[in-house]
Amino acid sequence: MVQEGIVLEHRVSSKGIEVDHAKVDVIEKLPPRTLVKAVKSFLGHAGFYRRFIKDFFKIANPLCKLLEKDQPFVFFNDCRLAFDELKKGLVTAPIIVAHNWEQPFKLMCYSSVYAIGAVLG
């Protein structure tokens, strides 16, 4: 068997689950996004992990307001705080955790003509 590997940007080994530091460094060094296209891109990336960041929509609200139609794009301090808070959530939130086999769980499956998927929840 494989002794160590990368799963969903996390290093899984006999020591447990750790964040892959190569991926985290990129996000930690990311400067504030001050252009419309850059904010959209960042929110798209962060949105992929939204279920793992507590109160994601409350935190992201100032950034989302920047993108509203007919609103001036002014990157205020609350936008910077929201950006920093989302960055922090992306590098510290446990995206995957080891399952506790003592607790009940569900195996949700999906299949179509082209693919099969399963999620352990």
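## Close-up views of a predicted model

**View 1. Asp-70 lies in the loop between helix 3 and helix 4.** The model is predicted. Asp-70 is not a glycine, yet its phi is positive, near 60 degrees. Its relative accessibility is 73%, so Asp-70 counts as exposed.

**View 2. Asp-55 sits in the loop between helix 2 and helix 3.** Asp-55 also is not a glycine, and its phi is positive, at about 60 degrees. Is Asp-55 buried, exposed or partly exposed? With a relative accessible area of 41%, Asp-55 is partly exposed.

**View 3. Helix 2 runs from residue 36 to residue 48.** Helix 2 has 13 residues. From first C-alpha to last, helix 2 reaches 19 Å. That is close to the 18 Å expected at 1.5 Å a residue.

**View 4. Helix 2 has a buried side.** Ala-38, Val-39, Phe-42, Leu-43, Ala-46 and Gly-47 are buried. They lie on the same side of helix 2 because they cover an arc of only 165 degrees around the axis. What do the buried residues of helix 2 pack against? They pack against helix 3 (56-66) and helix 4 (77-92).

**View 5. Helix 2 also has a face turned away from its buried side.** This face carries Lys-37, Lys-40 and Phe-48. These residues are exposed.

**View 6. Cys-79 is buried, whereas Cys-109 is exposed.** The relative accessibility of Cys-79 is 3%, which is why Cys-79 counts as buried. Cys-109 has 61% relative accessibility, so Cys-109 counts as exposed. A disulfide is a covalent bond between the sulfur atoms of two cysteines. How many disulfides does the structure hold? The structure holds zero.

Conventions
Residues are numbered from 1 along each chain as its sequence is written. This is a predicted model: local features need pLDDT of at least 70, side-chain atom pairs count only at pLDDT 80 or more; totals for chains, interfaces and linings use all residues. Side-chain values use heavy atoms; hydrogens and water are left out. Helices (H or I, at least four residues) and strands (E, at least two) are DSSP runs, numbered from the N terminus. The expected span of a helix is 1.5 Å times one less than its number of residues. Buried means under 20% relative accessible area, exposed over 50%, partly exposed in between (1.4 Å probe, protein chains only). The arc is that of the directions from the helix axis to the C-beta atoms. Contact means heavy atoms within 4.5 Å. A disulfide is a pair of cysteine sulfur atoms within 2.5 Å.
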